Amino acid sequence: LGVAAANLQGAIIESFASLFDHRVYLYKTQHGMSVENPRIAIIIQRQIASDSAGVGFSINPNNNCYDEIAISANFGLGESVVGGVITPDTYIVDRFDSKMLTIASKKVAEKSSAIWLDTSTGGTSGKANEDPSAQALTDEQILEVAELVSEVEDARGDGVPVDTEWAFSGDKLYLLQARPVTAYIPLFPEMITERGAEKKLYLDLLVMTQGFSDSLSTLGLDLWSTILKRIKPAMSTDGPDGLMWNIHGREYMQISNIMKTTGGRTLIDKAVRTYDKSLDRALDSIDLDDYTPSKVPEGAKEGILW
């Protein structure tokens, strides 16, 4: 960051050398990428002397919600955010489409310091924030960043969520980089609701009860679902409107549909939450009312709970 022209060659060499970092090697091997003949395209950009900066995800990485944009921000350069120097502000924006956005929540952190560009000599410097508890972005800027993130995902056209870095210099918003999000749980197209429709909450039953994430064969899933129906007949309704959903080798517990049945909330609290501490924490991190349908789904009416 903030490399002066006289130091440009050294910075390029340092960037190339980063290819040999052990973390890069592990990432490549884990994702089936070749580690032979390492190559890199080094892009040189004019450094933005930003007043505030951060990251924006077109999916909420905390709950895997496709209808929420998650933004993290601090004053100064985005390095303090991506480098974990401070705890940044976190803004969640509900996305109905790229032009219909509303702020769902704001968690303003105590941002003790920021990293700033030294425009006179090059490089960067850390300074204390004058008002650590102030919002790094105005509400208008939050929505502007959210719109940018949404448009970047739409421009890719493949439906894969994006991870962006952005910066404000004065009143101008800059897109610094964008890439596909890798740390999220893809859902089958049939499971993803339309923008603005009621949200759905699923629980992968194979991961929860059996501890593996590989999909079953068609025969294996038939056997598994048949056994489960015999053991727990109250949970036997299947399909998008049922209490369970067997699809493409996976079996999902439809938390949303269950919560709309009589006694469904009790079942979630006493059976699901107590099954695993990490699952309990995950459910605590979201508002379950946001995922409860307005009407009892037809398939859920067949269950004993209703």
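Guide: We shall begin with the chain as a whole and then turn to single residues. Please keep in mind that this is a predicted model.

Visitor: How many helices and strands does the chain have?

Guide: There are 9 helices and 11 strands in the chain. Its C-alpha atoms fill a box of roughly 75 × 45 × 35 Å, taken along the principal axes.

Visitor: How far apart are the mean positions of the positive and negative charges?

Guide: The chain carries 28 positive and 43 negative charges, and their mean positions are 4 Å apart.

Visitor: How many aromatic pairs are there, and how is such a pair classified?

Guide: Two rings pair if their centres lie within 6.5 Å, and planes over 60 degrees apart count as edge-to-face. The count for this chain comes to 5 aromatic pairs. Take F16 and F20: their ring centres are 5.8 Å apart and their planes stand at 70 degrees, so this pair is edge-to-face. F16 is partly exposed, with a relative accessible area of 36%, whereas F20 is exposed, at 55%.

Visitor: Which class describes the pair Y202 and W245?

Guide: The ring centres of Y202 and W245 are 6.3 Å apart with planes at 50 degrees, so the pair is tilted. It links distant parts of the chain, since Y202 lies in strand 9 (residues 202-204) and W245 in strand 10 (residues 244-247), 43 residues apart. Both Y202 and W245 are buried. Together with Y252, these two residues form one aromatic cluster.

Visitor: Which residue lies over the face of Y291?

Guide: That residue is K199, at 5.9 Å from the ring centre of Y291.

Visitor: Let us end with one residue. Is S72 buried or exposed, and what does it touch?

Guide: S72 lies in strand 2 (residues 68-75). The cut-off for a buried residue is under 20%, and S72 has a relative accessibility of 17%, so it counts as buried. Leaving aside residues up to four places away in sequence, S72 touches A53, G54, V55, V81, P88, D89, T90 and W166.

Visitor: How much do contacts between residues 24 or more positions apart contribute in the chain?

Guide: They account for 58% of the contacts with a separation of 6 or more.

Notes: Residues are numbered from 1 along each chain as its sequence is written. This is a predicted model: local features need pLDDT of at least 70, side-chain atom pairs count only at pLDDT 80 or more; totals for chains, interfaces and linings use all residues. Side-chain values use heavy atoms; hydrogens and water are left out. Helices (H or I, at least four residues) and strands (E, at least two) are DSSP runs, numbered from the N terminus. Contact means heavy atoms within 4.5 Å. Lys and Arg count as positive and Asp and Glu as negative; His and the chain ends are not counted. The place of a charge is taken as NZ of Lys, CZ of Arg, CG of Asp or CD of Glu. Rings of Phe, Tyr and Trp (its six-membered ring) pair if their centres lie within 6.5 Å; planes under 30 degrees apart count as stacked, over 60 as edge-to-face and the rest as tilted. Buried means under 20% relative accessible area, exposed over 50%, partly exposed in between (1.4 Å probe, protein chains only). A charge sits over a ring if NZ of Lys or CZ of Arg is within 6 Å of the ring centre and within 35 degrees of the ring normal.
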